Amino acid sequence: MTLSLTVSRSQLAKMQTHLKKGGNREIGGWLVAEQTAPGKFDLVGLTVDLEAGTRDRFDSLPEPHSQQMDRILLENSGRAGRVDYLGEWHSHPTFPPIPSEIDVAAMTDMVENSGPSFAALVIVRLIANASIQATITTFQRGQLPEAGQLIIADEVSEAEFGEGWQLPEH
Ligand SMILES: [Zn+2]
(Lines give C-alpha, C1' and ligand atoms only; values in the text may rest on other atoms or scores of the structure.)
Protein backbone atom coordinates (compact mmCIF):
# COMPACT_ATOMS: atom_id res chain seq x y z
CA MET A 1 0.00 0.00 0.00
CA THR A 2 1.33 3.40 -0.95
CA LEU A 3 1.53 5.69 2.03
CA SER A 4 0.17 9.20 1.75
CA LEU A 5 1.07 12.02 4.08
CA THR A 6 -1.04 15.16 4.19
CA VAL A 7 0.77 18.35 5.14
CA SER A 8 -1.18 21.48 5.99
CA ARG A 9 -0.10 24.85 4.66
CA SER A 10 0.72 25.99 8.20
CA GLN A 11 3.05 23.01 8.71
CA LEU A 12 4.59 23.78 5.35
CA ALA A 13 5.16 27.38 6.42
CA LYS A 14 6.86 26.18 9.63
CA MET A 15 9.14 23.92 7.67
CA GLN A 16 9.99 26.76 5.32
CA THR A 17 11.01 28.89 8.31
CA HIS A 18 13.31 26.11 9.55
CA LEU A 19 14.84 25.72 6.11
CA LYS A 20 15.54 29.42 5.82
CA LYS A 21 17.29 29.35 9.20
CA GLY A 22 19.21 26.23 8.21
CA GLY A 23 20.59 27.88 5.10
CA ASN A 24 23.12 25.62 3.46
CA ARG A 25 23.29 23.27 6.43
CA GLU A 26 21.43 19.98 6.29
CA ILE A 27 18.82 20.08 9.04
CA GLY A 28 16.19 17.62 10.06
CA GLY A 29 14.31 15.80 12.73
CA TRP A 30 11.38 13.52 13.35
CA LEU A 31 7.91 13.47 11.80
CA VAL A 32 4.90 13.09 14.05
CA ALA A 33 1.66 12.12 12.31
CA GLU A 34 -1.88 11.06 12.97
CA GLN A 35 -3.06 7.93 11.22
CA THR A 36 -6.49 8.64 9.74
CA ALA A 37 -6.96 5.45 7.68
CA PRO A 38 -4.79 2.51 6.63
CA GLY A 39 -1.75 4.01 4.89
CA LYS A 40 -3.05 7.57 5.36
CA PHE A 41 -1.41 10.05 7.71
CA ASP A 42 -1.77 13.72 8.60
CA LEU A 43 1.41 15.49 9.68
CA VAL A 44 0.73 17.04 13.10
CA GLY A 45 4.23 18.19 13.96
CA LEU A 46 7.91 17.86 13.39
CA THR A 47 10.97 18.18 15.53
CA VAL A 48 13.99 20.07 14.34
CA ASP A 49 17.55 20.56 15.47
CA LEU A 50 19.04 23.65 13.88
CA GLU A 51 22.24 23.46 15.92
CA ALA A 52 23.54 19.99 15.19
CA GLY A 53 23.40 20.23 11.42
CA THR A 54 24.56 16.64 11.39
CA ARG A 55 24.29 14.23 8.54
CA ASP A 56 23.95 11.25 10.80
CA ARG A 57 20.75 11.89 12.67
CA PHE A 58 20.55 8.30 13.82
CA ASP A 59 23.55 8.74 16.04
CA SER A 60 22.84 12.30 17.07
CA LEU A 61 21.68 13.10 20.56
CA PRO A 62 17.97 12.34 20.68
CA GLU A 63 17.11 14.54 23.70
CA PRO A 64 16.01 17.72 21.93
CA HIS A 65 13.88 15.65 19.58
CA SER A 66 12.36 13.59 22.40
CA GLN A 67 11.35 16.73 24.27
CA GLN A 68 9.85 18.32 21.18
CA MET A 69 8.03 15.12 20.35
CA ASP A 70 6.57 14.86 23.85
CA ARG A 71 5.19 18.36 23.45
CA ILE A 72 3.68 17.55 20.04
CA LEU A 73 2.06 14.38 21.42
CA LEU A 74 0.57 16.35 24.31
CA GLU A 75 -0.77 19.08 22.02
CA ASN A 76 -2.42 16.46 19.82
CA SER A 77 -3.73 14.09 22.48
CA GLY A 78 -7.32 15.03 21.59
CA ARG A 79 -7.12 13.69 18.05
CA ALA A 80 -9.22 10.67 17.11
CA GLY A 81 -6.51 8.76 15.29
CA ARG A 82 -3.29 7.34 16.65
CA VAL A 83 -0.59 10.01 16.86
CA ASP A 84 2.96 8.71 16.76
CA TYR A 85 6.44 8.93 15.29
CA LEU A 86 6.17 8.39 11.53
CA GLY A 87 9.79 8.76 10.52
CA GLU A 88 12.50 11.24 9.71
CA TRP A 89 12.83 14.36 7.65
CA HIS A 90 15.85 16.31 6.53
CA SER A 91 16.87 18.89 3.99
CA HIS A 92 19.08 18.63 0.98
CA PRO A 93 19.96 22.31 0.65
CA THR A 94 22.25 21.89 -2.32
CA PHE A 95 21.13 18.75 -4.11
CA PRO A 96 17.87 17.15 -5.25
CA PRO A 97 15.46 16.05 -2.51
CA ILE A 98 15.69 12.35 -3.16
CA PRO A 99 17.19 9.79 -0.76
CA SER A 100 20.95 9.39 -1.15
CA GLU A 101 22.60 5.99 -0.88
CA ILE A 102 23.54 6.88 2.69
CA ASP A 103 19.93 7.82 3.44
CA VAL A 104 18.61 4.54 2.05
CA ALA A 105 21.23 2.53 3.93
CA ALA A 106 20.51 4.31 7.22
CA MET A 107 16.72 4.00 6.96
CA THR A 108 16.98 0.36 5.89
CA ASP A 109 19.27 -0.37 8.81
CA MET A 110 16.80 1.31 11.17
CA VAL A 111 13.72 -0.66 10.07
CA GLU A 112 15.63 -3.93 9.67
CA ASN A 113 17.56 -3.76 12.92
CA SER A 114 17.15 -1.13 15.56
CA GLY A 115 14.08 1.04 15.21
CA PRO A 116 10.44 0.55 14.25
CA SER A 117 9.69 -1.95 11.48
CA PHE A 118 8.21 0.85 9.39
CA ALA A 119 9.31 4.45 8.88
CA ALA A 120 8.97 7.20 6.31
CA LEU A 121 11.67 9.57 5.11
CA VAL A 122 10.72 13.03 3.88
CA ILE A 123 13.41 15.01 2.12
CA VAL A 124 12.88 18.67 1.41
CA ARG A 125 14.69 21.37 -0.49
CA LEU A 126 13.97 25.06 -0.38
CA ILE A 127 14.20 26.66 -3.81
CA ALA A 128 15.07 30.36 -3.99
CA ASN A 129 13.73 30.85 -0.44
CA ALA A 130 10.24 30.51 -1.87
CA SER A 131 8.99 27.07 -2.82
CA ILE A 132 9.65 23.68 -1.33
CA GLN A 133 10.43 20.53 -3.27
CA ALA A 134 9.85 17.34 -1.35
CA THR A 135 9.68 13.59 -1.65
CA ILE A 136 8.53 10.90 0.73
CA THR A 137 9.89 7.36 0.72
CA THR A 138 8.66 4.57 2.93
CA PHE A 139 10.80 1.81 4.40
CA GLN A 140 9.32 -1.41 5.69
CA ARG A 141 11.14 -4.38 7.14
CA GLY A 142 11.66 -7.07 4.51
CA GLN A 143 10.55 -4.85 1.63
CA LEU A 144 12.14 -2.49 -0.85
CA PRO A 145 11.79 1.28 -0.32
CA GLU A 146 8.67 2.69 -1.93
CA ALA A 147 7.79 6.20 -3.06
CA GLY A 148 4.85 7.64 -1.15
CA GLN A 149 2.56 10.54 -1.83
CA LEU A 150 2.67 14.01 -0.28
CA ILE A 151 -0.54 16.01 -0.26
CA ILE A 152 -0.72 19.70 0.57
CA ALA A 153 -3.96 20.63 2.24
CA ASP A 154 -5.63 23.83 3.22
CA GLU A 155 -6.64 23.64 6.85
CA VAL A 156 -10.24 22.63 6.30
CA SER A 157 -10.89 22.11 2.61
CA GLU A 158 -10.30 19.02 0.49
CA ALA A 159 -6.74 17.84 0.14
CA GLU A 160 -5.09 18.96 -3.05
CA PHE A 161 -1.73 18.96 -4.72
CA GLY A 162 0.16 22.16 -4.14
CA GLU A 163 2.28 23.90 -6.66
CA GLY A 164 5.96 24.00 -5.87
CA TRP A 165 6.04 20.38 -4.74
CA GLN A 166 7.74 17.82 -6.83
CA LEU A 167 6.22 14.41 -6.37
CA PRO A 168 8.35 11.32 -6.75
CA GLU A 169 8.27 9.49 -10.06
CA HIS A 170 6.83 6.02 -9.94
ZN1 LIG B 1 19.77 12.91 2.68
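Which residue in E6 is the bridge partner of Ile127? The points below answer this and cover the strands and salt bridges around it.

1. The model is predicted. Read every contact here with that in mind.

2. Start with strand E5, residues 118–127. Seven of its 10 residues are buried, so the strand is mostly covered, buried being under 20% relative accessible area.

3. Gly87 stands opposite Ala120 in E5. Between E4 and E5 the chain passes through helix H3, residues 101–114. This β-α-β crossover is right-handed.

4. E5 also pairs with strand E6, residues 131–140. Here the sense is antiparallel, over 10 bridges. Ser131 in E6 is the bridge partner of Ile127. The hairpin of E5 and E6 has three residues between the strands. In this hairpin, Ala128 takes a positive phi near 55°.

5. The structure holds two salt bridges. One joins Arg79 to Glu34, with the closest N and O atoms 3.1 Å apart. The pair links distant parts of the chain, 45 residues apart. Arg79 lies in the loop between helix H2 (63–75) and E4, and Glu34 in strand E2 (residues 28–37). Glu34 is buried, at 8% relative accessible area. Arg79 counts as partly exposed, at 37%.

6. Asp84 and Arg82 also meet in a salt bridge through their side chains. The N to O distance is 2.9 Å. Asp84 counts as partly exposed, at 29% relative accessibility. Arg82 counts as exposed, at 57%.

Methods: Residues are numbered from 1 along each chain as its sequence is written. This is a predicted model: local features need pLDDT of at least 70, side-chain atom pairs count only at pLDDT 80 or more; totals for chains, interfaces and linings use all residues. Side-chain values use heavy atoms; hydrogens and water are left out. Buried means under 20% relative accessible area, exposed over 50%, partly exposed in between (1.4 Å probe, protein chains only). Helices (H or I, at least four residues) and strands (E, at least two) are DSSP runs, numbered from the N terminus. Two strands pair if DSSP finds at least two bridges between them. A crossover is right-handed if, with the strands pointing away from the viewer, the path from the first strand over the helix to the second runs clockwise. A salt bridge is a side-chain nitrogen of Lys or Arg within 4 Å of a carboxyl oxygen of Asp or Glu.
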